Amino acid sequence: MRRFPEPDPGTPDRLTPGHYLLWLTRQQSGVVLLGAFYGCLWPLAQALVPYAVGRAIDDGLAARDRHSLMLWGGAVLALGLIQAASGILQDRCALANSLSARYRTLQLVTRQAARLGATLPRRVSAGEVMNVGVADVTQIGRALDISSRAIGAAVTIVVIAAIMLDASRQLGLVVLTGVPVMLWVLSLLLRPLIDRQTRLRDQQAELTARAVDIVGGLRVLRGIGGEEMFAARYRDDSQQVRKAGVRVARVETVLESARMLLPGLLVALVVYLGARSVLAGELTGGQLVAFYGYAVYLALPVRRITLAAGIVMKAFVAARRVVGLLALEPELTSGQARLGEPVSHLHDPASGLVVDGGRFTAVACTHPADADAVADRLGRYHDSDVTYDGRALRHADLDDVRRRILVVGNDARLFSGVLRDELDPGGTGDDHRVERAVHVAAAADIVEALPDGLNTVIEQSGREFSGGQQQRLRLVRALTVDPDVLVLVEPTSAVDAHTEARIAAQLATERAGRTTVVFSTSPIMLDHADRVVLVEDGVAVAAGTHAELMGDHRYRALVAREEDEA
């Protein structure tokens with residue numbers, strides 16, 4: 001019994017799609033070779049059945065030799081048993097090859113996604129990653145699945161041709177010539193198929209990305225009345241994908257017809273020439289039966305080779321996507337410097353923002369995009385001139401930055417699984433810490449409403465929770481991690497005023513003495529901050545307490561509407 005996935009997927013050859021497929025094959029060469037052995041044994045056992053039947057007819061029936069008839073009849077039975085056993089073992093190896101290739105590729109893609117970090121969403125769409133992790137991985141697995149069968153088919157063709165050459169040079173040459181000609185004709189159809197499949201694959205990725213965007217922003221689209229417009233765009237795009245799929249299907253239909261027709265023509269030609277040889281006295285009746293069996297059986301390995309060629313071409317297209325993803329490099333490079341502790345202050349020269357260590361700082365931005373940009377710089381999701389206690393973050397060890405500074409925005413996702421594990425990503429197993437974080441984030445009512453409380457299994461992205469509930473659960477997760485510097489971007493934008501007031505007060509108390517930065521324009525949150533900074537057009541223009549800044553007309557204009565609503 002093989003265990004999947006492998007502990008270490010290895011380091012792939014990322015030069016070309018073909019190199020990647022060969023690298024996968026080498027990684028599991030043992031199973032591939034074993035599968036190839038069974039892949040040869042199974043068709044050879046089947047291919048030798050006509051020979052044994054022919055000998056039984058000539059040596060047994062025609063010669064009236066009971067011993068020879070029993071001998072060759074037993075040979076047919078033995079070949080049948082060998083074929084059955086090798087077929088089962090071949091399928092087992094093929095499945096192991098397919099699963100190993102799929103899991104190994106998934107491991108590499110997942111490892112690369114973690115390595116890229118913030119670079120990934122800026123370089124690759126979510127739909128593209130989904131297609132790589134589902135459709136492309138499946139195609140690559142199919143290529144490794146068919147490998148042993150294709151090797152067995154090739155060996156079978158060579159063996160049958162050799163046997164036929166020994167009995168009849170003419171028929172043997174027909175087979176040896178006919179098979180390469182058929183493969184050449186089919187290869188002409190594979191070239192346009194690859195091009196059309198590549199275009200279809202690109203369109204499918206774009207369509208999946210649009211679907212992900214629509215689902216992710218469905219609440220917003222409904223709020224602004226844009227649901228029908230985006231749905232119409234999706235319908236138009238899906239029709240284009242459908243048309244591209246039809247174009248691919250047309251080529252595949254012609255290819256499949258050729259797969260059936262050409263071997264049939266070869267069989268007809270072999271039978272015709274064999275019958276003429278019998279009439280001319282060059283072959284016996286038993287040999288003709290054997291040749292007919294060979295000719296009919298040849299259709300199977302030929303079709304299998306052509307099928308393998310089509311699958312490998314699809315895998316080549318899929319591997320091109322995988323290689324492209326694996327070739328991406330992170331925009332951020334890790335330095336060697338370690339951050340000291342405790343933090344005394346963070347400074348962002350681009351905006352002029354200064355965050356005092358050990359204090360609760362709120363940042364009110366006139367433009368939401370500025371909040372995201374400054375938060376990304378503070379968390380070093382973009383290289384900038386931000387300093388941590390006077391040390392440039394760009395020169396700091398990236399892993400150390402991630403441990404010290406945690407940035408939580410509303411695009412952070414909840415993963416499927418047990419809620420307790422999701423809220424304790426560090427795996428501390430400290431239930432008291434989790435329960436304390438639930439209390440601070442005012443999320444106790446969410447947990448109590450679940451059938452099994454913290455042991456409830458939640459769906460992907462926390463779909464069963466409302467926007468406000470997801471915000472509170474994300475805050476629970478952040479508080480459980482308890483970083484040195486916690487940066488929150490609009491953590492209560494979807495929460496009612498009463499709950500927000502509780503969160504703001506409890507957050508200020510819980511994080512007392514540690515550095516907390518909250519980007520918000522809510523007067524409730526701003527009023528609980530030790531210091532508030534106003535950022536206008538990406539530049540810090542004023543600082544003070546909430547009460548002090550209310551005297552600044554720019555600040556008042558930004559928060560007054562929310563204050564009136566509160």
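Helices are DSSP runs of at least four residues, numbered from the N terminus. In the predicted model described here, Arg-247 is placed in one of these elements, helix α8. The protein as a whole holds 19 helices and twelve strands. Of its 566 residues, 45% are buried. Among contacts with a separation of 6 or more, 78% join residues 24 or more positions apart. The accessible surface amounts to about 27400 Å², and carbon and sulfur atoms contribute 58% of that area.

Arg-199, Arg-242, Lys-243, Arg-247 and Arg-250 together form a positive patch. The main contributor to the positive patch is helix α8, which spans residues 227-279 and supplies four residues. Arg-247, a member of this patch, is partly exposed because its relative accessibility is 35%. The other patch is nonpolar and consists of Leu-34, Phe-37, Leu-41 and Ile-82, whose accessible area together is about 330 Å². Here helix α2, covering residues 29-62, gives the most, with three residues. Leu-41 is located in helix α2, and a relative accessibility of 32% puts Leu-41 in the partly exposed class.

By the distance rule applied, the model contains 18 salt bridges. One of them joins the side chains of Arg-359 and Asp-356, with an N to O distance of 3.4 Å. Another salt bridge pairs Asp-552 with Arg-554, their closest N and O atoms being 2.9 Å apart. In this pair Asp-552 is buried, at 16% relative accessibility, whereas Arg-554 is partly exposed, at 28%.

A further salt bridge links Arg-404 to Asp-400, with 3.6 Å between the closest N and O atoms. These two residues are four positions apart in helix α11 (residues 398-404), so about one helical turn separates them. Arg-404 counts as buried, with a relative accessibility of 12%. Asp-400 is buried as well, its relative accessible area being 2%. The pair belongs to a network of salt bridges that also includes Arg-403 and Asp-484.

Asp-370 presents another arrangement. This residue is located in helix α10, which runs over residues 368-378. Asp-370 is buried but has no salt bridge, and the nearest side chain of opposite charge, that of Arg-377, is 7.3 Å away. A salt bridge requires a side-chain nitrogen of Lys or Arg within 4 Å of a carboxyl oxygen of Asp or Glu. Apart from neighbours within four places in sequence, Asp-370 contacts Cys-365, Asp-537 and Gly-538.

Asp-348 is placed in strand β1, residues 345-348, and is buried at 1% relative accessibility. The C-alpha atoms of Asp-348 and Arg-377 are 7.6 Å apart, although 29 residues separate the two in sequence. When neighbours within four places are set aside, the contacts of Asp-348 are Leu-353, Val-374, Arg-377, Leu-378 and Val-386.

Backbone geometry was considered at two positions. Most residues other than glycine have a negative phi. Arg-380, however, has a phi near 55°, a positive value in a residue other than glycine. Arg-380 is found in the loop between α10 and β4 (387-388), where a relative accessibility of 1% makes this residue buried. Asp-482 likewise is not a glycine and has a positive phi of about 55°. The loop holding Asp-482 lies between α15 (467-481) and β9 (485-489). With 31% relative accessibility, Asp-482 is partly exposed.

Thr-545 is partly exposed, its relative accessible area being 28%. Along the chain, Thr-545 and Arg-531 are 14 residues apart, while their C-alpha atoms are separated by 5.1 Å. Beyond the neighbours within four places in sequence, Thr-545 is in contact with Asp-530 and Val-532.

Note on methods
Residues are numbered from 1 along each chain as its sequence is written. This is a predicted model: local features need pLDDT of at least 70, side-chain atom pairs count only at pLDDT 80 or more; totals for chains, interfaces and linings use all residues. Side-chain values use heavy atoms; hydrogens and water are left out. Buried means under 20% relative accessible area, exposed over 50%, partly exposed in between (1.4 Å probe, protein chains only). Contact means heavy atoms within 4.5 Å. Accessible areas come from the Shrake-Rupley method with a 1.4 Å probe; for residues, only the protein chains shown count as cover. Patches are made of residues with over 30% relative accessible area and no salt bridge: like charges are joined within 9 Å, nonpolar side chains (Val, Leu, Ile, Met, Phe, Trp, Tyr) within 5 Å. Lys and Arg count as positive and Asp and Glu as negative; His and the chain ends are not counted. The place of a charge is taken as NZ of Lys, CZ of Arg, CG of Asp or CD of Glu.
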